[in-house]
Amino acid sequence: GVPLGRQRPSSAFGGRPGSEVDPDGAAVPPAPPSCVRARSSRPSSAPAWRREQDHLESLELVLRRSSLPKQDMVAAYLRRSGQLECDSDQREKIFAFSGPDEHIRKALLQRDPPWVENKVPSSTLWDLKWTVTDCESDYRDVPDGTLFNHFQNNRELTTKVGLVNNLRRLAMEEQVDVDVFFPRCYDMSSASEQEDFVLDYRRCAALNVVRQHLRLRPPAGSDPGGYLCNVNVLRTAVRALQQWLQDLDSSFLDDEGVGPKPLRYEDWDALVLYSELSDAQLCRIQGETEQRRDRNRGFSASGMALQKESSKPKATHRPLDVRKWPELCDHSWTAALPPQLEAAAEDAATALAERWPQIGAHGPMNVWVVKPGTSSKGSGVVCMHSLPEVLHHCKTVTNRIVQKYVERPLLLFSGRKFDIRQWVLVRSFVPLKVYMFSSCYLRLCNEPYDLGDLANRQRHISNWAVNRHGKHVAEGAVASVEELIDVLEQITGDRSYWKERLVPQVQQAILQSLRGVRHRVVQRSSCFELYGFDFLIGEDLKPWLLEVNLSPACESRTPWIESMLQRMASRLLELIIDGKLEPDDVEPDWVCIADEESACDPGMDCAEGWQDEDPAPSSSIAKDLTLDAHTAGPTLSSGIAIVGRPLNLRAERRFEEAWKRQAAQRVLSRLARGFLARREARHRRHEKSVRLLQRPARAWLARRCLSRLRQ
């Protein structure tokens, strides 16, 4: 009695009695006799989980072969998989989830009405998709009306090399001073940036030499107490600082070929070695009992590449008396310096402390952090203070960046270093719409901070993946922001110092970082993203941005973090799904720190460019120009105003140099690709010729061997 076109064909479900058939003739599994909602728990065993995923994948494949609209397809998917009540007329919301963020999953299941989980992460049937990471193929199936927790090209912000390049581009194009919140960083895969890093290291060594002398010099008319200063090295250090101050002066423009004579490599070697001497060595205190041993890493002390010599020893042993070192033996040592040199050293150090925004990150050890350009969780991060060691490490291991280490951090809990994990929600990049969670937490190192033990990562890196297996880890190696507020109150005497002084600086650093990548991230109305910004508080109570994390790991290590995660997840979903933008007067909560959409006038394109938060101070920048009637030019009325930023000649020179370097790199790459292609083609022709010659030779050898065997 079944029409011919409605017969049930055999299928992956075996054509069981009671199975349904869609209009295209494909069999689908029957709905269970009693439909229930999705379970909040997953299958207990791995085989059961795989069987359920295979079943759901087959079901979705069958439904996608039909011509049903997506809304009806989702309803049929939920009904036939047993995740929807039979008498429910309300359309259910479905989400796809993969990753360790269980607080997001629980918040979705606890919504009213609760969402239903699609247990196949690769499925395309969902209203919201939450994953730890993303790929290019994920953005092919993001239709309007759905939500996805990633932006395309987000690695421009969340990788260390991407963040460095985009902040540098922001500084050149928009003249934003990123040095006030981001420690200077260099990509060691670029030869030009490697040269800039070597120069930066040398200048920091020069600053340490001057500071050490100002600290050890005796008062006028008193006994020097054994301290002797190297006059040649100090004079070299003062010259290096004076050239540095000229580079910091935006109004100074040196002509080509005109300027101070560059320092020799021998002078730099002596300066760097001298900067590594301790106070006891300079004061001739008998504290050193062993000779210094310098390993041969292929670079001199100041970073100059050495020629490969097979006879060169693997290590150099230096005598205890530093005045006998080859680099310093011909120098002049004295306790009484010329007054002009003393004054020049003091003036250079004072001027640099006033004009250099990163003076708070500088320290006596000249320590730098070497990081992989694309890794996370503290993987491959090491601290070094020797320039040859840094260059050798970056030469042997690729994809490395070098960042200045903040040597004077604020310490808590018996001298332990910490950083701050701040959650940031980006709803849109163009126009920029950003929310910051009003609470954060501190990540602590296991062991006390010590610059003399750089090899111990648990003293300097606060990542949970590094400290979780330590001997002294306690309470999840975390602390609440209230404990930091108590410490700040003891230091400053102001209970509101965190909220009124530090939080605005943190917000400014976040916004500048996002503005640096806004035109490189692909904007979609269906996308949003949660980032984890890591900040470090310096000894001078200045926040420094360390890095930005993709899908920040949020583990419930303590009860108060668990409650904060639940609050963050529930309010995030209300903001993204329900559009509840106004706070609900319960702390903590998401706070809007940037909303360019509401700031734009009707009909104005916000994507044309960002206006500074200081609303176009045209009153202070604009200048009415009225040319004198006696001048050759025309007379302008006072109503015409000139707005914009003042010309920074130094920045223009650096921008031109960067453009020339990029153009040169493109030319060299094009020439190198052609050369490599021609060399490969020539190699293949040689191989073909060799094979053609070897074929008759082998045949002749075979015939010769055969004739010998016959004889």
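Strand β5 (residues 128-131) runs parallel to β6, and 2 bridges join the two; strands are DSSP runs of E with at least two residues, helices are runs of H or I with at least four residues, and both are numbered from the N terminus. Two strands count as paired if DSSP finds at least two bridges between them. This is a predicted model, in which local features need pLDDT of at least 70 and side-chain atom pairs count only at pLDDT 80 or more, while totals for chains, interfaces and linings use all residues. Residues are numbered from 1 along each chain as its sequence is written, and side-chain values use heavy atoms, with hydrogens and water left out.

**The sheet**

- In β6, Leu-147 is the residue opposite Leu-128.
- The open sheet has 4 strands in the order β4-β3-β5-β6, with parallel pairing.
- β4 (116-118) and β6 (147-148) are the edge strands, and each has a single partner strand, so one side of each lacks a neighbour in the sheet.
- Helix α3 (residues 102-109) packs on this sheet and touches β3 (94-98), β4 and β5; contact means heavy atoms within 4.5 Å.
- The direction of α3 makes about 165 degrees with that of β3; axes are lines fitted to C-alpha atoms, for helices over the stretch in contact, and angles run from 0 to 180 degrees between N-to-C directions.

**Helices α3 and α15**

- α3 also packs with α15, at an angle of about 60 degrees and with the axes 9 Å apart.
- The two helices are therefore oblique to each other (under 35 degrees is roughly parallel, over 145 roughly antiparallel, 65 to 115 roughly perpendicular and the rest oblique).
- On the α3 side the contact is made by His-103, Ile-104, Ala-107 and Leu-108.
- On the α15 side the contact is made by Leu-565, Met-568, Ala-569, Ser-570, Leu-573 and Ile-577.

**Trp-560**

- Helix α15 (residues 559-578) includes Trp-560.
- Trp-560 has a relative accessible area of 30%, so this residue is partly exposed (buried is under 20%, exposed over 50% and partly exposed in between, with a 1.4 Å probe and protein chains only).
- Apart from neighbours within four places in sequence, Trp-560 is in contact with Tyr-441, Val-478, Ala-479 and Ser-480.
- Between Trp-560 and Ala-479 there are 81 residues of sequence separation and 9.7 Å in space, C-alpha to C-alpha.

**Whole protein**

- The protein has 18 helices and 21 strands.
- Of its 711 residues, 44% are buried.
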